[in-house]
Amino acid sequence: MTEYGIETFDLTKIYDGTLLAVDELNLKIPKGKIFGFLGPNGAGKTTTIKMLSTILPITKGTAQILGYDLIKERKNIRKLIGVCPQELVLWDKLTARENIQLIAKMHKIHPTDYKERADELLGKMNLLDRADDLTEKYSGGMKRRINVLMAVIHEPEVIFFDEPTAGLDPQSRRVVWDFIKDFEKENKTIILTTHNMEEADDLSDELAIIDYGKIIAEGTPQELKGKIGRGDIIGFRLLDDKLEFREKVVEDLEQNPAVLWAKSLGKERVSFSALDGLRKISGFYDELESKFGVKMHDLVIRQNTLEDVFLDLTGRTLRD
Ligand SMILES: Nc1ncnc2c1ncn2[C@@H]1O[C@H](COP(=O)(O)OP(=O)(O)OP(=O)(O)O)[C@@H](O)[C@H]1O
Ligand SMILES: [Mg+2]
């Protein structure tokens, strides 16, 4: 068995003979973990998910899902995967429960095997008391939660969640986050796309950022925040009797190769930024104390965020 849940080999999609949407993508997605799949609008995330879930023909390359070849073993793959699509797929004239039943029947699951599970999943999504309402009467957020749930009724080993929290309020978002985390505990391989960087940071064990169909960065959220972006911004106060050192302290920090910038702020504060600065903070502290006899008082730290990483890599312009 392969060590990866999913591995892609030069996976490529060209639409209409000209539009290169996914460009020789080589992803290595660990098994039993949550993998964040990020990128600006039009980057090729949904196209990749559609190819991996056998919905869309591949132009070039291939992939393996739990060891099965995406081109030669599609039937095996279909049994193993669950997909929560970006666009809602619901039968409006059916109740939520009937929608779930329909999916279960498509997967040839016996009613005795899915009835209890359906109620358990509806309960987790706080939808049990509305389970027998037609979904046309559901709000957008309720529809989204049902769609998330329908992706997993057949207990797939690999689950694709394409923007599962789009349009959800903060409470519902948290319900979906807990729902997704529970699958990780069951050792399922999860691919999550989202435009919410807090969500990506909190949920992903590893992630890839793609743009124009190519990977532009990959690693754990921690690794990426330590390497890319504006750095951790560290501010501190110098006591009155040490203020004479302030410009020297700033100059010294500026010369430190780990420091991106340093400046004086107000009457007595110094601020500087360093990639992976929080982890290096005791080094900065000791250095300033040994060189100038100053201590860093009233520390304030603003950590580099995944949003900073994302903007740094993809720029600030709109893509479509
Ligand atoms: N059916 C299609 N026919 C032609 N071009 C398409 C089709 N679907 C997507 N595309 C194009 O492929 C590119 C990638 O689209 P895709 O939907 O994969 O992006 P995405 O990363 O999922 O974006 P978003 O964050 O907006 O969902 C875009 O340029 C898009 O216009
Ligand atoms: Mg998409």
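Biologist: Before we start, when do two strands count as a pair?
Modeller: Two strands pair if DSSP finds at least two bridges between them. Keep in mind that this is a predicted model.

Biologist: Okay. How many bridges join β13 to β14?
Modeller: Six bridges join them, and the two strands run antiparallel. Strand β14 covers residues 269-274.

Biologist: Which residue in β14 stands opposite Ser264?
Modeller: That is Val270.

Biologist: What sheet do they belong to?
Modeller: An open sheet of four strands, in the order β13-β14-β12-β15. The pairing is antiparallel.

Biologist: Which strands are at the edges?
Modeller: β13 (259-265) and β15 (297-302). Each of these pairs on one side only.

Biologist: And the twist?
Modeller: From one strand to the next, the twist averages 15 degrees.

Biologist: Which helix packs on that sheet?
Modeller: Helix α9, residues 246-255. Helix α9 touches β13 and β14, and its direction makes about 165 degrees with that of β13.

Biologist: New topic. Where are the domains?
Modeller: The domain assignment gives domain 1 as 4-226 and domain 2 as 231-303.

Biologist: How far apart are their C-alpha centres?
Modeller: The centres of domain 1 and domain 2 lie 44 Å apart. The C-alpha atoms of the whole protein fill a box of roughly 80 × 45 × 40 Å along the principal axes.

Biologist: How many helices and strands are there?
Modeller: Eleven helices and 15 strands.

Biologist: How many bridges hold β10 and β11?
Modeller: Five bridges join β10 (residues 206-211) to β11 (residues 214-219), and the strands run antiparallel. One partner to look up is Ala217 in β11, which bridges to Ile209.

Biologist: Let's go inside. How many residues are in the largest nonpolar core?
Modeller: It has 61 residues. Those with the most contacts inside it include Leu149, Phe160, Ile191 and Leu192.

Biologist: What does Leu192 touch?
Modeller: Leaving out residues up to four places away in sequence, Leu192 touches residues including Ile34, Phe35, Phe161, Ile180 and Leu203.

Biologist: Which residues are in the second core?
Modeller: That separate core has eleven residues, among them Leu238, Leu253, Ala274 and Val294.

Biologist: What share of the protein is buried?
Modeller: Buried residues make up 36% of the 320 residues.

Technical notes:
Residues are numbered from 1 along each chain as its sequence is written. Chains are lettered from A and ligands numbered from 1 in the order in which they are written. This is a predicted model: local features need pLDDT of at least 70, side-chain atom pairs count only at pLDDT 80 or more; totals for chains, interfaces and linings use all residues. A nonpolar core is a set of buried Ala, Val, Leu, Ile, Met, Phe, Trp, Tyr and Cys residues joined through C-beta atoms within 7 Å. A residue is buried if 20 or more other C-beta atoms lie within 10 Å of its own, exposed if 12 or fewer, and partly exposed in between; C-beta atoms are placed from the backbone. Two residues are in contact if their C-beta atoms, placed from the backbone, lie within 7 Å. Domain bounds come from an automatic or database domain assignment. Axes are lines fitted to C-alpha atoms, for helices over the stretch in contact, and angles run from 0 to 180 degrees between N-to-C directions.
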